[in-house]
Amino acid sequence: SVDLAAAAARFVWVQIPTLPFYLMTTAVQMYLVNRGRPIPIVFVVLAGNALNALFDWVLIYGHLGVPALGLTGSGIATATTRLLMFAMLAGTVWAFGLHEGAWIPWGKHAFDVTGWKQIAKIGMPTGITYFLEVWAFQIATLLAGRLGKVELAAHAIVLNMASRLAVIGGSSYGGEIKKTVFTVLNAVLPFQNVLPMHCSANVGG
């Protein structure tokens with residue numbers, strides 16, 4: 001519906017300015033994981049979830065003297081949480097010196113075309129795959145939106161539940177095994193000087 005589309009647009013627009021902070025938070029998380037220091041991420045994510053729930057309670061429903069903003073309030077809560085999570089994670093890295101010994105000074109090697117080609121060779125297929133995967137879900141969401149508000153909400157709930165089944169032990173969900181193994185490897189392999197990567201390859205064909 002027109003009203004639902006307008007509300008969704010407001011929800012997205014208030015979050016756009018914080019997108020760079022979301023990307024930087026992801027980069028810092030990957031940096032810490034591959035240095036074998038995932039613990040700060042756990043605490044920051046837990047704190048972020050708690051703050052987001054608090055901000056949602058205040059901004060969506062109107063508490064502590066703040067007017068009820070509904071879906072727009074949810075977007076503001078998410079945007080604010082993104083900013084705070086980046087600040088907490090970056091502050092932790094700086095305060096505890098987790099960045100020491102990891103920075104390689106800029107030099108001619110940084111502009112070596114061969115290195116950039118290797119990065120592109122690995123990154124482009126991964127990026128395209130991720131792009132197609134994301135848009136497959138987004139197109140399904142757009143189609144669900146044509147059915148009605150209730151159907152769209154049900155679709156979103158099902159997708160969110162499915163994406164979190166990995167944390168339910170014994171659910172017999174294939175992703176449970178895959179993602180939990182990845183979690184263990186991301187924690188263990190860096191200590192063995194091995195870079196864990198989420199990828200797949202077919203041999204033969």
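Which residue with a positive phi follows α3? I looked at the end of the helix and found G62, with phi near 80°.

**Ground rules.** I am working from a predicted model, in which local features need pLDDT of at least 70, side-chain atom pairs count only at pLDDT 80 or more, and totals for chains, interfaces and linings use all residues. I number residues from 1 along each chain as its sequence is written, and my side-chain values use heavy atoms, with hydrogens and water left out.

**Overall fold.** I counted 7 helices and 0 strands in the protein chain, where helices (H or I, at least four residues) and strands (E, at least two) are DSSP runs numbered from the N terminus. Read from the N terminus on, the elements run α-α-α-α-α-α-α. I then looked up burial, taking buried as under 20% relative accessible area, exposed as over 50% and partly exposed as in between (1.4 Å probe, protein chains only); buried residues make up 20% of the 205 residues in the protein chain. For contacts, meaning heavy atoms within 4.5 Å, I noted that 56% of those between residues at least 6 apart in sequence join residues at least 24 apart.

**Helix α3.** This helix has 23 residues and reaches 33 Å from its first C-alpha to its last, close to the 33 Å expected at 1.5 Å a residue, the expected span being 1.5 Å times one less than the number of residues. I listed its buried residues as P40, I41, V44, G48, F55, D56, V58 and L59, and what covers them includes α2 and α4. I followed F55, which is found in α3, into its surroundings: leaving aside its neighbours within four places in sequence, F55 is in contact with I60, A77, T80, T81 and L84. F55 and T78 are 23 residues apart in sequence, and I find them 8.1 Å apart in space, C-alpha to C-alpha.

I next went to the loop between α3 (39-61) and α4 (70-95), where H63 has its place. H63 counts as partly exposed because its relative accessible area is 26%, and it touches W57 and V58, not counting residues up to four places away in sequence. L64 lies in the loop between α3 and α4 as well, and I noted its positive phi of about 55° although it is not a glycine. L64 is exposed, with a relative accessible area of 68%.

**Helix α4.** I recorded 26 residues here and a reach of 37 Å from the first C-alpha to the last, close to the 38 Å expected at 1.5 Å a residue. Its buried residues include T72, G73, S74, G75, A77, A79 and T81, and also M85, F86, L89, T92 and V93, and they pack against α1 (2-13), α2 and α3. After α4 comes G97, whose phi is positive, near 65°.

**Two glutamines.** Is Q15 buried or exposed? Q15 lies in the loop between α1 and α2, yet I have to call it buried, because its relative accessible area is 10%. Apart from neighbours within four places in sequence, Q15 is in contact with G75, T78, A79 and R82. Q29, found in helix α2, counts as buried too, at 16% relative accessibility, and it touches I41, V45 and L89, not counting residues up to four places away in sequence.

**Nonpolar core.** I take a nonpolar core to be a set of buried Ala, Val, Leu, Ile, Met, Phe, Trp, Tyr and Cys residues joined through side-chain atoms within 4.5 Å. The largest one has 10 residues in all, made up of V28, L32, V33, I41, V44, M85, F86, L89, V93 and L98. The elements giving two or more residues to this core are α2 (19-34), α3 and α4, and α4 gives the most, with 4 residues.

**A pocket lining.** Finally, I asked which residues line the second largest pocket. They are W103, I104, W106 and H109, where a pocket is an open set of points on a 1 Å grid over the protein atoms alone, where a 1.4 Å probe fits, with protein on both sides within 12 Å along at least five of seven lines, and lining residues have an atom within 4 Å of a point.
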